[in-house]
Amino acid sequence: MSDRFLEHELPPPRPVWVALNRAMAGLIVLVVLGTLWLRYIPETGKREEVQARIRDLEARASQLRSTLLQHERQERLLRTSPEYLSIIARDRLDLMQEGETLFRFEPAKR
């Protein structure tokens, strides 16, 4: 009969140190993960700011490229086309040739 009781005996209670070690390991993991998370949050904010700055700079670069192309075209016309040069000079000096009619349009007011 005594063998029969031994088979159904409850396992001995775990020592307190085993439970404390597991709790400490869990706490260490939580602290490490919390630290990494707190360091990651500001980096995502900085990343979004940098991406917004990149978009702004790309838009500005595109605008400057467009302006550069316009200026290069105007320079080429001023160097190669005497007719264009004459038109620009008369426009800036507010002069006109005989028989010429000038029309000036003011930009629309907003």
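Arg90 counts as buried, at 15% relative accessibility; buried means under 20% relative accessible area, exposed over 50%, and partly exposed in between, with a 1.4 Å probe and protein chains only. Before going on, a word on the source: this is a predicted model, where local features need pLDDT of at least 70, side-chain atom pairs count only at pLDDT 80 or more, and totals for chains, interfaces and linings use all residues. Residues are numbered from 1 along each chain as its sequence is written, and side-chain values use heavy atoms, with hydrogens and water left out.

Back to Arg90, which sits in helix α3. Helices here are DSSP runs of H or I with at least four residues, numbered from the N terminus. What is Arg90 in contact with, leaving aside its neighbours within four places in sequence? The partners are Leu95, Met96, Gln97 and Glu100, where contact means heavy atoms within 4.5 Å.

Next, the salt bridges. Side chains of opposite charge can pair when their charged atoms come close. The rule used is a side-chain nitrogen of Lys or Arg within 4 Å of a carboxyl oxygen of Asp or Glu, and by this rule the count is two.

One joins Glu43 and Lys46, at 3.9 Å from N to O. The two residues are three apart in helix α2, residues 16-80, so about one helical turn separates them. Glu43 is partly exposed at 44%, and Lys46 is partly exposed at 48%.

The other joins Glu75 and Arg79, with the closest N and O atoms 3.0 Å apart. These residues are four apart in helix α2, so again about one helical turn lies between them. Glu75 is partly exposed at 39% relative accessibility, while Arg79 is exposed at 66%.

Last, the helix pair. Two packed helices are described by the angle between their axes and the distance between the axes. For α2 and α3, residues 82-93, the angle is about 105° and the axes are 6 Å apart. Axes are lines fitted to C-alpha atoms over the stretch in contact, and angles run from 0 to 180 degrees between N-to-C directions. The two helices are therefore roughly perpendicular, a term that covers 65 to 115 degrees.

Which residues make the contact? From α2 they are Gln74, Leu77, Leu78 and Thr80, and from α3 they are Pro82, Tyr84, Leu85, Ile88 and Arg92.

Notes
Angles under 35 degrees count as roughly parallel, over 145 as roughly antiparallel, 65 to 115 as roughly perpendicular and the rest as oblique.
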